[in-house]
Amino acid sequence: MKDPATVEVQRLVDKFAADEAHYADPSGVYKESDTRSEFIDPLLSALGWDVANLAGVTPALKDVRREESQEQEDAATKFPDYTLLVGGHRRMYVEAKKPSVDVTSHMESTRQARRYGYTDGHPISVLTNFRDLIVYDTSFPIATADLPATGRIYRWNYTEFVGRLDEIRSILSRAAVAGAAWHEQFRGKSPQQPIPADEEFIKHFNQWRLALGRDLYGQDKSMSEMDLNDAVQRVLNRLIFVRMCEDRGIEGERTLRDAAAGGSTKVTTLLNRLHRRYNTGLFRTRKGEVSLKVRDTVINSIVNNLYSPQSPFSFAVLDATFLGLVYEATLAEHLVIVRPTGRGGGSVQLREKREYEHREVVTTPQELVDRTVGQAIEALGPATPEPTTLDFAVGSGRFLLAVLDRLIQVATAAHAPGSGKLLKVGASEYRLKFEEKCRLLVDNLYGIDIDYNAVEVAKFSLLVRLLQDENKHTLPASRTTSILPDLDKNIWCGNTLVRSLAGVSQKQAELTNPLDLASTSLPSNADLIVGNPPYMKTEDMKKFDPVELDYLKTHYSTSFQQFDKYFAFVEFAANFLKADGVMGIVVPNKWMTVVAAKGLRRLLRSTVALVRLDNFREAQVFPGKSIYVCSVIAKKSAQGTFTYSEPASIGDYAGGTGSTYSISSRRLPTSSQGAWVLPTSRAEEKVLRAIHKSSIPLENVIEERNGIQTSRGKVYVIKNPRFVGKLVEWTDSSGQTWQVERAVTRPYLDDSKGLRSHHEVAADSVILFPYQRSKSAAATSGWAVIPEKALKRKYPLAHKYFLHHKPELDRRSMSAGERKKAFYIYGRTQAIGYAAQAPKIFYTNNQRGDKYGLDTTGIVFASGGTGGEVCLFPKDLNYSLDFVLGLLDQAPIECFLRKRGSVFRGGYFARGTDVIGDTPVPKLDFTKAADRTFHDDVAAEVGRLRALNMKTPTVSPRYERRHLQAIETSKATLAGMFLGRWGLTARDVQALDL
């Protein structure tokens with residue numbers, strides 16, 4: 001028995017075949033609207049798409065959005081005929097034509113279909129007149145020389161629909177399109193290299209910026225860079241806005257092109273008309289306005305590139321979100337005037353803005369924006385349907401756009417068809433009227449940004465979003481009423497964090513740009529605060545704006561030690577919220593564990609309380625950027641629990657497919673400032689609770705120390721040394737052979753890749769160590785640098801070597817006092833007294849476990865930052881280093897350290913001195929026999945395991961298998977000791993999935 005879909009497709013095919021001559025009549029008697037309703041609508045329905053919205057879902061969640069000109073034949077819009085959506089997200093466009101149009105050869109139809117998909121970043125677009133069904137690869141832009149077959153990856157004639165229905169379903173059915181891997185099947189279908197639309201648009205956009213900037217500067221060499229950038233942005237905003245209005249049927253099809261062709265006078269006339277019509281400030285012209293001086297040839301060139309066939313983009317689907325992505329990518333750069341030495345001349349170039357030189361520029365993925373905003377609004381609850389919202393670092397406005405979308409969805413669902421608030425757009429479909437959308441925006445959405453260009457972009461994006469889905473029939477018809485609101489009172493330029501500065505120069509005030517909130521029209525507090533604040537380390541803030549840094553240190557309690565700028569933004573948000581307000585923000589996840597963020601952690605447990613925390617750990621959310629972030633939803637009211645998750649990807653997070661875990665606020669560290677080590681499952685919580693029960697931190701037992709710092713390791717470290725009597729000999733990278741006295745060297749670990757748990761550490765190099773013991777009070781370490789005269793006398797070969805490298809050593813950044821002691825002194829001497837001591841535990845800072853070794857010979861080590869080595873020295877002599885080594889090798893402890901430390905790409909987990917010191921150690925009472933026995937048994941087993949590992953290289957093949965089994969048995973015995981102490985089982989450890 002045939003399935004219903006096959007039966008329906010057969011019916012459509014038979015119907016079309018029975019009267020094909022009529023349907024395809026060149027006179028066009030059979031219209032496109034008839035083709036849609038009689039053939040294309042039912043075909044899509046047969047493929048599983050709910051074309052008529054029989055499920056009755058809200059407009060935002062419909063499967064199919066049909067272009068409204070299907071209801072209004074004279075609406076001259078250029079929207080796609082069908083937008084196919086899954087869960088409210090656009091996945092594919094279908095462009096329909098009447099059968100009399102031969103879609104296999106009609107180039108304009110091909111361009112239209114390909115532009116839709118390419119502009120919106122879809123893998124494919126569909127073009128059909130039912131007689132033929134064509135699928136285009138839209139991963140690359142259309143070119144003027146392309147033919148109708150370019151990019152065509154599938155074509156089915158209607159006579160093939162039934163026989164190839166399974167193939168068609170695998171590509172176009174709703175079930176297929178909703179699949180996570182649907183888009184993968186189109187990779188490599190055509191030979192062209194994929195070029196993302198946003199990257200292509202940015203390329204065009206920057207070309208236009210340069211053309212406009214060079215033209216304006218060429219006419220007026222006295223123009224400032226600030227005026228130049230403002231003028232160029234104003235011109236491009238105007239041009240793009242008009243093109244979008246044209247393709248939406250709000251303005252005539254050739255409004256912009258005709259004005260440009262008519263010269264500057266006609267362009268000015270157009271701007272004046274648009275200003276009266278829209279009244280946004282965008283088209284307001286001023287006497288002598290710089291942007292009006294662009295030469296006609298330049299304007300015409302840019303305008304022509306905004307139209308087919310030169311433009312690969314469809315301005316009908318090029319929405320505010322797309323523009324936001326583009327503008328965010330371009331905000332980091334601005335036009336600069338490069339003047340040659342002397343007077344006159346100069347050129348205009350694009351360069352990175354100074355304020356972006358010291359921080360990462362990131363574009364927040366739209367899925368992260370949408371879900372963060374959605375969760376924040378859910379946390380507010382239905383009692384606040386129209387929250388007063390502030391984006392504290394508005395950028396291009398994408399967070400506010402997401403809020404506006406949600407407010408429109410809520411308002412649409414709340415109003416009945418007869419309320420006067422809704423507009424009928426289909427047989428039983430309604431959406432919110434334009435006037436209501438404007439009210440929601442003006443009454444509720446606000447933003448601040450220190451970048452003037454960002455403020456202008458944000459306002460522009462919001463206005464574009466208001467016009468989305470609108471056409472000339474749905475906008476106000478009165479010529480005396482302006483269509484769009486003026487957002488000058490909603491979006492403000494200034495420093496969100498700084499109120500006022502006293503006694504600073506005008507230049508400094510312009511740089512810091514303090515904002516007196518009381519003098520603005522911004523609300524005094526907000527129901528909702530959203531955004532992704534700038535990330536900037538303390539040292540970078542000091543380079544860029546030390547005055548602002550001093551202000552933050554004085555006015556923000558979270559500004560502790562080496563804090564990041566986003567700490568202060570979170571504090572601002574927490575204080576600016578209303579009593580039950582909510583913040584939904586994206587910030588780096590380091591605040592959960594780093595020492596500098598202890599004030600921020602305290603704030604997130606006092607001023608506000610977490611509702612949801614989605615921690616991406618090492619997942620790469622920002623393409624090409626090593627920034628690890630989290631989404632934070634916090635409410636200014638008491639919360640008993642919050643939801644925690646660690647999404648593996650942005651897809652898991654956006655789709656809500658990752659696992660989440662409810663955590664009681666009582667499970668956070670006892671200290672309000674302590675690091676947060678959070679479980680994602682009941683299994684993890686059980687293990688973490690068990691190892692912390694009756695424990696003390698490792699820092700009570702051992703002393704964590706970083707190593708020496710020579711500041712020129714390649715001079716001091718001797719790799720591949722040869723020992724010749726009392727001398728050390730080696731050949732450097734230039735091929736020169738050197739000798740130094742062995743007495744002025746120490747064994748050294750240069751590469752810790754071979755470091756392994758339950759093995760003794762072996763030196764792989766030596767290091768020049770120009771120090772001697774000293775009883776001088778000034779030598780607090782017990783060591784002092786050997787004076788040059790003494791070095792020359794006792795170690796002439798070493799002195800000769802150092803003299804050869806003196807120019808290089810002199811280039812090191814050191815204090816004058818230290819340099820006077822000897823030119824070969826180490827860059828820092830804090831580790832001289834202990835670096836060569838033994839015993840000590842070596843461990844690799846950045847690792848996945850199994851990188852802890854015992855040094856019994858006194859090997860020197862260096863400060864290695866996140867990628868080098870740290871050593872642990874005995875502090876409480878009751879706890880032996882072998883006991884500590886046994887503890888560090890346990891899976892539950894590795895689970896803790898991976899969560900406590902910073903995570904890096906590739907699954908490596910850093911564990912600096914502050915991290916390792918927090919490791920929970922079983923609290924032992926050495927006056928009790930049971931505790932002493934436990935300790936001694938562990939230490940003995942670790943010693944036995946190390947002895948077995950040391951013996952491995954000498955074991956004959958005959959006994960190798962037995963020997964390796966003995967090692968595994970010893971490890972299992974050791975693990976069993978700790979599991980028994982913690983009350984855990986092997987199954988508990990397996991559930992950790994390390």
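In this predicted model, the largest nonpolar core contains 155 residues. Phe201, Phe241, Met583, Trp591 and Leu613 have the most contacts inside this core. Helix H8, which covers residues 225-247, contributes the most to the core, with eleven residues. Apart from this core lies another one of 46 residues, including Val744, Leu755, Tyr826 and Phe842.

Leaving out residues up to four places away in sequence, Trp591 touches Tyr566, Phe567, Ala597, Leu600, Arg601, Leu604, Leu613, Cys630, Val632 and Trp676. Leu613, one of these partners, is also listed among the residues with the most contacts inside the largest core.

A search of the whole structure finds eight cavities of 30 Å³ or more.

| Cavity | Volume | Lining residues | Lining by class |
|---|---|---|---|
| Largest cavity | about 240 Å³ | 17 residues | twelve nonpolar, three polar, two charged |
| Second largest cavity | about 140 Å³ | 14 residues | six nonpolar, five polar, three charged |

In the largest cavity, the lining residues closest to the centre are Leu239, Val267, Leu271, Ser291 and Ile299. Helices H8, H9 (255-261), H10 (264-278) and H11 (296-304) each supply at least two residues of this lining. Helix H10 gives the most, with five residues.

The centre of the second largest cavity has Arg209, Asn229, Gln233, Glu333 and Asn453 as its nearest lining residues. Two or more lining residues come from each of helix H7 (197-219), helix H8, helix H12 (320-331) and strand E7 (333-338). Here helix H8 gives the most, with four residues. Thr364 lies in the loop between strand E8 (347-352) and helix H13 (366-380). Is Thr364 buried or exposed? Thr364 counts as buried because its relative accessibility is 4%, and the cut-off for buried is under 20%. The side chain of Thr364 makes a polar contact with the side chain of Asn532, at 2.7 Å. Beyond its neighbours within four places in sequence, Thr364 is in contact with Leu325, Glu328, Val369, Arg398, Phe399, Asn532 and Phe622.

One joins Ser308 and Pro309, with omega about 5°, and Pro309 lies in the loop between helices H11 and H12. Another runs from Ala838 to Pro839, with omega near 0°. Pro839 is located in the loop between helix H28 (816-821) and strand E30 (840-844).

Positive phi values in residues other than glycine also occur in loops. His758 has a phi near 60° and is placed in the loop between strand E26 (745-748) and strand E27 (765-768). Asp850 has a phi of about 65° and is found in the loop between strand E31 (846-847) and strand E32 (852-855). The accessibility of each residue can be stated too: His758 is buried, with a relative accessible area of 4%, whereas Asp850 counts as partly exposed because its relative accessibility is 34%.

How values were computed
Residues numbered from 1 in each chain as written. Predicted model: local features only at pLDDT ≥ 70, side-chain atom pairs only at ≥ 80, totals over all residues. Heavy atoms only, no water. Buried < 20%, exposed > 50% of the residue type's maximum accessible area, 1.4 Å probe, protein only. Polar contact = N/O pair within 3.5 Å; in protein donor to acceptor, adjacent residues only side chain to side chain. Contact = heavy atoms within 4.5 Å. Core = buried A, V, L, I, M, F, W, Y, C linked by side-chain atoms within 4.5 Å. 1 Å grid on protein atoms, 1.4 Å probe; cavity = no way out; pocket = protein on both sides within 12 Å on 5 of 7 lines; lining within 4 Å. Points joined across faces, edges and corners; volume = space filled by probe spheres on them. Nonpolar A, V, L, I, M, F, W, Y, C, P; charged D, E, K, R; others polar.
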